[in-house]
Amino acid sequence: MRVRKFTPRTWLIAACLIAATAVVGASAGVAAGTTPDSALYVSPSGSPANAGTGCGSATFTSISAAVAAAPAGGKVVACHGTYHEDVLVQKPLKLFGYGATINADGLENAMQIVSSNVKVRGFKLVDANGEGLLVGIDSAADFGLLPASGPVLTNENIEHVQAIHDDQGFNGTEQSNCKYPGDCGGGIHLNVVEHSVVGESVANDNADGILLTDDYGPNAHNLIEDNIVNDNKTECGIVLPSHSSTAVNFVVNKDGSMTVTGRNPDQGGVYDNVVRGNRTIGNGTAPAPPSFGGVGGSGSGIGIFGSGPGSGAYDNLVEDNYIADNGLAGVTLHAHHPGGEDINGNNIIGNWIEKNNVAGDAFDGGVMNFKTTAIAVYSVPHVHMVIRDNVLRHNQVGVWLTNTVAAAKLGSNSYRDTPTHVVVEPAN
């Protein structure tokens, strides 16, 4: 992973690097005898009678079959071609794709990982009903797939993966033809994962691009870096929503409002994640679902959300990203319910944010914002955070906040061709 300060030209270089890596990977280490003998090779032209020493002599025609046959800690190499599968990985493995496409048309996922210590590199994952790449489970019925050691998966490494058009079960509302109706259609989805990396990958033309959730445990300490996440039109580009109802403790006050009294990081929460160096353009531009009035955009470039009382999406870092032309504000944080959510401690630092909120934000509990906006934070509970050293260009509003938000360092941002630097509205 590279850590570097963003400039607009950087992403032209990064895109070329990803393309160049794909070309090099397609030709390197795939001929017979040129990669370690311990690898299991998969090819559409494979045969059990082959020697299995390279792509030209692959013994497997199915990635799933090779995964089942590989020892824990082993390697599976999928050679050039298209495979119609939903690959389930239940052991530590290295999976390398060299020009390999998994077309999951009519299937739930292209690949699902339910083991820690898995490395996935170089695959193109397309046309799944649910997710292109799912780490974790998407249905309570699948708890038996998770390891006996516990539901939290760790040390996952996802690099140079392309997840494209993996939204076939998503019909634009909460009712979807997939196991995971709440956020069906994620290109790359980490559900209850820690200490893992998604890097130098592409998630385009899905519902969500890259998604981190906490449905049955915490999602924390992950790095989402140097990815291209564009044109996921029906939801967000990169999104960190807490779905848990036990991530934080809260009390109900006499007036019906709620106050958070503590955190439960072992039970849930989306926290201490780093979203750095990504390019996220043109996401969430479809109209909002009917349940939200069907008005305005449906997603942001990068979103951090509390979904209800007991949820927590806190202490995350959004840094050095390029964000433009998304339906909601480039970076959007929402906590709607009456105080039972925790979105404190999030830091938005050093991003380059062009025109956003191009479809408008009607989610804000009656406080609607239909001006182009770089950063928006709507919260009923009081929130402390840092918003500093960002370049905010070509918006009507630089930073839009409710009066419950205490945002430090607002004066350090560069507001270019943005006549209104900061707007503060009452929270309804």
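A nonpolar core is a set of buried Ala, Val, Leu, Ile, Met, Phe, Trp, Tyr and Cys residues joined through side-chain atoms within 4.5 Å. The views below are taken from a predicted model.

**View 1. The largest nonpolar core and Ile 387.** The largest nonpolar core has 76 residues. Phe 123, Ile 375 and Ile 387 are the residues with the most contacts inside this core. Strand 5 (residues 93–103) gives the most to this core, contributing 6 residues. Apart from this core lies another one, of 7 residues, including Ala 376, Val 397, Trp 400 and Val 423. Neighbours within four places in sequence left aside, the contacts of Ile 387 include the nonpolar residues Ile 348, Ile 375, Val 377, Val 399, Leu 401 and Leu 410. Lys 409, Ser 412 and Asn 413 are also among the residues in contact with Ile 387. In soluble globular proteins, nonpolar side chains tend to be buried together.

**View 2. Strand 8 beside strand 12.** Strand 8 (residues 131–135) and strand 12 (residues 186–191) run parallel and are joined by 3 bridges. Leu 134 has His 189 in strand 12 as its bridge partner. Strands of a sheet pair through backbone hydrogen bonds, either parallel or antiparallel.

**View 3. The edge-to-face pair of Phe 143 and Tyr 216.** The structure holds 2 aromatic pairs. In the pair shown here, Phe 143 and Tyr 216 are 5.3 Å apart centre to centre, with 75 degrees between the planes, an edge-to-face arrangement. Phe 143 lies in the loop between strand 8 and strand 9 (153–154), and Tyr 216 in the loop between strand 16 (208–213) and strand 17 (219–220), so the pair ties together parts that are 73 residues apart in sequence. Phe 143 counts as partly exposed because its relative accessibility is 40%. Tyr 216, at 18% relative accessibility, counts as buried, because the limit for buried is under 20%.

View 4. The ring centres of Tyr 271 and Tyr 314 are 5.2 Å apart and the planes are at 5 degrees, so the pair is stacked. Tyr 271 belongs to strand 23 (residues 270–271) and Tyr 314 to strand 27 (residues 313–314); the pair links distant parts of the chain, 43 residues apart. Both Tyr 271 and Tyr 314 are buried. Arg 263 lies over the face of Tyr 314, at 3.8 Å from the ring centre.

Technical notes
Residues numbered from 1 in each chain as written. Predicted model: local features only at pLDDT ≥ 70, side-chain atom pairs only at ≥ 80, totals over all residues. Heavy atoms only, no water. Pairing = 2+ DSSP bridges. Helix = DSSP H or I, 4+ residues; strand = E, 2+ residues; numbered from the N terminus. Buried < 20%, exposed > 50% of the residue type's maximum accessible area, 1.4 Å probe, protein only. Contact = heavy atoms within 4.5 Å. Phe/Tyr/Trp six-rings, centres within 6.5 Å; stacked < 30°, edge-to-face > 60°. Lys NZ or Arg CZ within 6 Å of the ring centre and 35° of its normal.
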